[in-house]
Amino acid sequence: MDIALWIVSGVLAAAYLLAGTMKTFRPKEKLAGLPWTQRYSAGMVTFIGVAELLGGIGLILPWLTGIAPVLTPLAASGLVLVQALAIIHHLRHGERKPLPMNAGLLLAALFVAVFRFAAL
């Protein structure tokens, strides 16, 4: 189970670090491939990006170092919330295409949160 948790955590961390970096450091205008970003201010898009960056780091670093390992399941829980809010947003705007990805990320983060909390 520990190997599965590390694999899922690593894949999730990579996904969130990539997405977070893009949203944090690219101008909003360059994110045209993400239509939802046009409904939010540049500051909000950056905030979401920073949350994803911190979540990605939090999935790996605390558990790996043993320094405040409770932060790993808390980071995963925060990412569950990010995806739940993304799903609600996309449903409200009739955007069905991103839902499978959002649901997959939510379930993967939930898996990490539940089993890392159980291991504390």
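Reader: Is Gln-83 buried or exposed in this model?

Author: This is a predicted model, where local features need pLDDT of at least 70, side-chain atom pairs count only at pLDDT 80 or more, and totals for chains, interfaces and linings use all residues. Residues are numbered from 1 along each chain as its sequence is written, and side-chain values use heavy atoms, with hydrogens and water left out. Buried means under 20% relative accessible area, exposed over 50% and partly exposed in between, with a 1.4 Å probe and protein chains only. Gln-83 has 4% relative accessibility, so Gln-83 counts as buried.

Reader: Which residues does Gln-83 touch, leaving out those up to four places away in sequence?

Author: Gln-83 has its place in helix H3; helices here are DSSP runs (H or I, at least four residues), numbered from the N terminus. Contact means heavy atoms within 4.5 Å. With residues up to four places away in sequence not counted, Gln-83 touches Tyr-16, Asn-102, Leu-105 and Leu-106.

Reader: How do H2 and H3 run relative to each other?

Author: Helix H2 (residues 42–65) packs on helix H3 (residues 71–92) with axes 7 Å apart and an angle of about 150°. The axes are lines fitted to C-alpha atoms over the stretch in contact, and angles run from 0 to 180 degrees between N-to-C directions. Under 35 degrees counts as roughly parallel, over 145 as roughly antiparallel, 65 to 115 as roughly perpendicular and the rest as oblique. H2 and H3 are therefore roughly antiparallel.

Reader: Which residues of H3 make the contact with H2?

Author: On the H2 side, the contact includes Ala-51, Gly-55, Gly-58 and Trp-63. From H3 come Leu-71, Thr-72, Pro-73, Ala-75, Ala-76, Leu-79 and Val-82.

Reader: OK, on to the rings: why is the Trp-36 and Tyr-40 pair edge-to-face?

Author: The structure holds 2 aromatic pairs. Rings of Phe, Tyr and Trp (its six-membered ring) pair if their centres lie within 6.5 Å, with planes under 30 degrees apart counted as stacked, over 60 as edge-to-face and the rest as tilted. Trp-36 is buried at 13%, while Tyr-40 is partly exposed at 29%. Their ring centres are 6.0 Å apart, and the pair is edge-to-face because the planes stand at 70°.

Reader: And what is the angle between the planes of Phe-111 and Phe-115?

Author: Both lie in helix H4 (residues 99–119), 4 residues apart, about one turn of the helix. Phe-111 is partly exposed at 24%, and Phe-115 is partly exposed at 33%. They form a tilted pair, 5.1 Å centre to centre, and the angle between the planes is 55°.

Note on methods: Helix = DSSP H or I, 4+ residues; strand = E, 2+ residues; numbered from the N terminus.
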